[in-house]
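Open the structure in a viewer and keep the selection tool at hand. The tour goes stop by stop, saying what to select and what is there.

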Amino acid sequence: MSTIEKITQLSHRIFNTSVSENNVARSSNPFAASNFQKNILTEDVFESSKKNDNKVSFTGSLTAGSKRIYSTLVGSLGNIGDRFYEGIESIVAFCGRMKEGVVNTWNKIQEIGRTEVSFGKIGEMIKGLGHSREKEIAKMATLDPHSEVKPMLVEHLKALEADLAVAA
Amino acid sequence: MEKTMIKNNKNFNKVSDIIESLTINTNPDSVAVLEEIGTNSSIDEVRELTSKALVRRNEYNSLSVVIANRGKGINDMSTVVAMSTINELLSLDNKEEAMRVLENTISSEGFDEEVKENARSVKALMALS
């Protein structure tokens, strides 16, 4: 069996949980008794069935104990993959929400833009009000104080006193 | 009615505008209208506006109203009105006319001692400012 075929077989055994499950049933792996949500791998994943000097060795000088530990680690990688996938999913969902929010904000800006209300215009309106008041005062300043301004002052003072009486 | 509320009142704003127009009106009769109507108002804010307007005119007659009259301007029974008038006098760029009115009020025999005392105090303040 060539090296590439061995790797293919190995990867098939790692990622195919049903195969692993079958192996668990007939192996003597002590971790097999525990429920690892079918992600547990048997230690013989790292064992070759034939001794061949030309093949690539995945075990090196690993002991049986460390093989079990690594097999558990590799099994847990399946969970990491799931979590990573879930993470990607949540990022996608988050980006979707962000996009939706940006689109909504942009639409709001567009709506506000159509009404053409700006601070500059508000400032001009306030300035206009100030100018109209100044114009009115200047106009009243040309009137005769006794015959024209005095009656106005008396009238508005009476109205003000009435307002104050109501408020009290 | 609170001070902030009265300043948002439409009629108060109109009264304020009329008093403002009498401040810049070149007709000398404006002083008589301000004295007759404004300084005799029962509303403190209106008396305050009127006193300040009379000071801003910076004429002998207008300054005499707020300096040499009992119950008006610096002699107003309302501390706010009196202090506002004094503050306006201190803010004048040209204080010559005001000093002349103050000196005449202090030296004249025809005024109340209380009015003279107030005039002395204000004169002292104006000399320091």
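What percentage of the 129 residues in chain B is made up of buried residues? The figure is 50%. Bear in mind throughout that this is a predicted model.

**Stop 1: chain B as a whole**

**Stop 2: chain A as a whole**

Now select chain A. Its cartoon has 5 helices and 0 strands, in the pattern α-α-α-α-α along the sequence. Of its 168 residues, 17% count as buried. Chain A exposes about 12600 Å², and carbon and sulfur atoms supply 60% of this. Among contacts in chain A with a separation of 6 or more, residues 24 or more positions apart account for 44%.

**Stop 3: where the chains meet**

Show both chains and select the residues of each that touch the other. Pick out Pro145(A), Leu153(A) and Leu160(A): they supply 24% of the area that chain A buries against chain B, more than any other three residues.

**Stop 4: a salt bridge across the interface**

How many salt bridges are there between chain A and chain B? The count is 3. For one of them, select Arg133(A) and Asp17(B), whose closest N and O atoms are 2.7 Å apart. Side chains of opposite charge can pair when their charged atoms come close.

Stay on Asp17(B), which sits in helix α2 (residues 10-24) of chain B. Is Asp17(B) buried or exposed? Asp17(B) counts as buried because its relative accessibility is 8%, and the cut-off for buried is under 20%. Leaving aside residues up to four places away in sequence, Asp17(B) touches Arg133(A), Ile137(A) and Met140(A).

**Stop 5**

Over all chains, the whole structure has 15 salt bridges.

Begin with Glu35(B) and Lys72(B), which form a salt bridge with the closest N and O atoms 3.6 Å apart. This pair links distant parts of the chain, 37 residues apart: Glu35(B) is in helix α3 (residues 29-38), and Lys72(B) is in the loop between α5 (60-67) and α6 (79-90) of chain B. Glu35(B) counts as partly exposed at 25% relative accessibility, whereas Lys72(B) is buried, with a relative accessible area of 13%.

Next, select Arg47(B) and Asp76(B). Their salt bridge has its closest N and O atoms 2.9 Å apart. Arg47(B) lies in helix α4 (residues 44-57) and Asp76(B) in the loop between α5 and α6 of chain B, so the pair ties together parts that are 29 residues apart in sequence. Both Arg47(B) and Asp76(B) are buried.

Then select Arg57(B) and Glu59(B), a salt bridge whose closest N and O atoms are 3.2 Å apart. Arg57(B) counts as buried at 9% relative accessibility, while Glu59(B), at 29%, counts as partly exposed.

**Last stop: a network**

Finish by selecting Glu20(B), Arg56(B) and Glu88(B) together. Salt bridges that share partners join Glu20(B), Arg56(B) and Glu88(B) into one network.

How values were computed
Residues numbered from 1 in each chain as written. Chains lettered and ligands numbered in written order. Predicted model: local features only at pLDDT ≥ 70, side-chain atom pairs only at ≥ 80, totals over all residues. Heavy atoms only, no water. Helix = DSSP H or I, 4+ residues; strand = E, 2+ residues; numbered from the N terminus. Buried < 20%, exposed > 50% of the residue type's maximum accessible area, 1.4 Å probe, protein only. Contact = heavy atoms within 4.5 Å. Buried area = accessible area lost by both parts, 1.4 Å probe. Salt bridge = Lys/Arg side-chain N within 4 Å of Asp/Glu carboxyl O. Areas by Shrake-Rupley, 256 points an atom, 1.4 Å probe, with all protein chains shown as cover.
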